[in-house]
Amino acid sequence: MPPTDVTTLIRTELPRLAGSLRKVGELILEDPAAVTHCSAAELGRRTGTSQATVTRFCRAIGLDSYQHLLIELAQERGRGQASDWGTAEIGPDISPDDSLERVVQVVGNTDLRAVQQTIDRIDLDAIERAAQAAARARRIDVYGVGGSGAVAQETETRLFRIGCAVRGWTEVHAAATSAALLTPADVALGISHSGATRETVEPLELAKERGATTVAITSDPRSPLARAADIRLISTASETNFLTGIGGRHSVLVLVDCLYVRVAQLSYQRASASLALTDHIMPQHSVKSRRGR
């Protein structure tokens with residue numbers, strides 16, 4: 001496992017766990033330091049489950065064993081003590097009485113942590129495959145709704161400016177119509193934090209049926225969106241009690257920017273020509289300063 005916080009991984013996976021597995025995850029998050037001194041059997045007793053359930057929990061979140069979990073918790077604690085972010089002191093929760101200074105610290109640290117963990121876990125081969133497909137694609141569809149819809153539009157803006165035939169679709173009927181017209185020469189990119197948003201999953205599944213190369217950006221590698229994709233790019237998000245998925249959009253944009261820059265590299269002549277043709281637009285629409293008059 002890359003150097004990332006296992007507690008963040010548990011928070012991400014917890015909503016997808018049920019029953020006894022969820023109990024194990026909740027107790028670990030309640031006091032990670034105490035868990036490092038527990039055997040699997042003891043943790044099972046404390047959660048009212050069993051040693052076998054604790055082992056199944058570890059495998060459910062992608063770890064090999066309970067020993068692997070203990071190592072990750074110990075390493076995370078060490079990073080927290082050495083980190084300038086001060087995550088051990090700040091924690092993820094914000095109360096109504098907290099100062100603005102604490103709010104800024106919690107939000108800023110959470111965003112930074114989500115971005116760093118996404119970079120630590122990034123699959124370079126997946127980025128390369130997605131970029132290669134996008135660089136040669138006849139057409140690129142990007143699907144997303146809600147907050148992910150804003151990211152879909154950001155993705156369209158980036159790729160469009162370097163000469164890609166790209167369109168961001170944030171309405172399910174229009175997305176499905178576009179997906180139905182794709183071919184094996186095209187790429188479809190679905191963006192969803194949960195990976196379970198029907199309005200994003202359905203057009204990506206249809207695009208796959210049409211033979212297009214499908215790419216998913218999601219925090220859940222086992223989600224329906226991930227299963228519908230040929231290529232999966234995995235983001236990371238942390239949470240506070242006021243914001244669900246805080247840091248998620250920032251980490252997704254890191255993946256989008258990596259994809260965008262790699263596509264620009266792979267289609268350098270086209271990208272350079274496109275940027276040269278559009279570089280004058282923003283300066284022409286800048287309001288001239290009145291200073292000195």
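User: How many of the residues of helix α1 (residues 6-13) are buried?

Analyst: Burial is read from relative accessible area: under 20% is buried, over 50% is exposed, and values in between are partly exposed, with a 1.4 Å probe and protein chains only. Helices are DSSP runs of H or I with at least four residues, strands are runs of E with at least two, and both are numbered from the N terminus. In this predicted model, helix α1 is mostly covered, since seven of its eight residues are buried. The buried residues are Val6, Thr7, Thr8, Leu9, Ile10, Thr12 and Glu13.

User: What do the totals for the chain show, and how much of the chain is buried?

Analyst: The chain has 293 residues, of which 43% are buried. Its secondary structure comprises 16 helices and five strands. A contact means heavy atoms within 4.5 Å. Of the contacts in the chain with a separation of 6 or more, 69% join residues 24 or more positions apart.

User: How is the packing of two helices described, and at what angle do α2 and α5 cross?

Analyst: Axes are lines fitted to C-alpha atoms, for helices over the stretch in contact, and the angle between N-to-C directions runs from 0 to 180 degrees. Angles under 35 degrees count as roughly parallel, over 145 as roughly antiparallel, 65 to 115 as roughly perpendicular, and the rest as oblique. The axes of α2 (residues 19-30) and α5 (residues 51-60) come within 9 Å and cross at roughly 80 degrees. Helix α2 is therefore roughly perpendicular to α5. Ser20, Leu21, Val24, Gly25 and Ile28 of α2 meet Thr53, Val54, Arg56, Phe57 and Ala60 of α5.

User: How are α11 and α12 oriented to each other?

Analyst: Helix α11 (residues 172-180) packs against α12 at an angle of about 10 degrees, with the axes 8 Å apart. The two helices are therefore roughly parallel to each other. On the α11 side, Val172, Ala175, Ala176, Ala179 and Ala180 meet Glu199, Glu202, Pro203, Leu206 and Ala207 of α12.

User: Within α12, is Leu204 buried or exposed?

Analyst: Leu204, in helix α12, is buried, with a relative accessible area of 0%. Leaving aside residues up to four places away in sequence, Leu204 touches Tyr143, Ala188, Leu189, Gly190, Thr214, Val215, Leu225, Ala228 and Ala229. Arg198, also placed in α12 (residues 198-209), is exposed at 58%. The C-alpha atoms of Arg198 and Val145 are separated by 9.7 Å, although the residues are 53 apart along the chain.

User: Which residues does Arg138 touch?

Analyst: Arg138 lies in the loop between α9 (124-136) and β1 (140-143), and is partly exposed at 45% relative accessible area. Beyond residues up to four places away in sequence, Arg138 touches Ala165, Leu181, Thr183, Ala185 and Asp186. From Arg138 to Ala165, the C-alpha distance is 6.9 Å across 27 residues of sequence.

User: Where does the charged end of Arg167 sit?

Analyst: A charge sits over a ring if NZ of Lys or CZ of Arg is within 6 Å of the ring centre and within 35 degrees of the ring normal. The charged end of Arg167 sits over the ring of Trp169, 4.2 Å from the ring centre.

Methods: Residues are numbered from 1 along each chain as its sequence is written. This is a predicted model: local features need pLDDT of at least 70, side-chain atom pairs count only at pLDDT 80 or more; totals for chains, interfaces and linings use all residues. Side-chain values use heavy atoms; hydrogens and water are left out.
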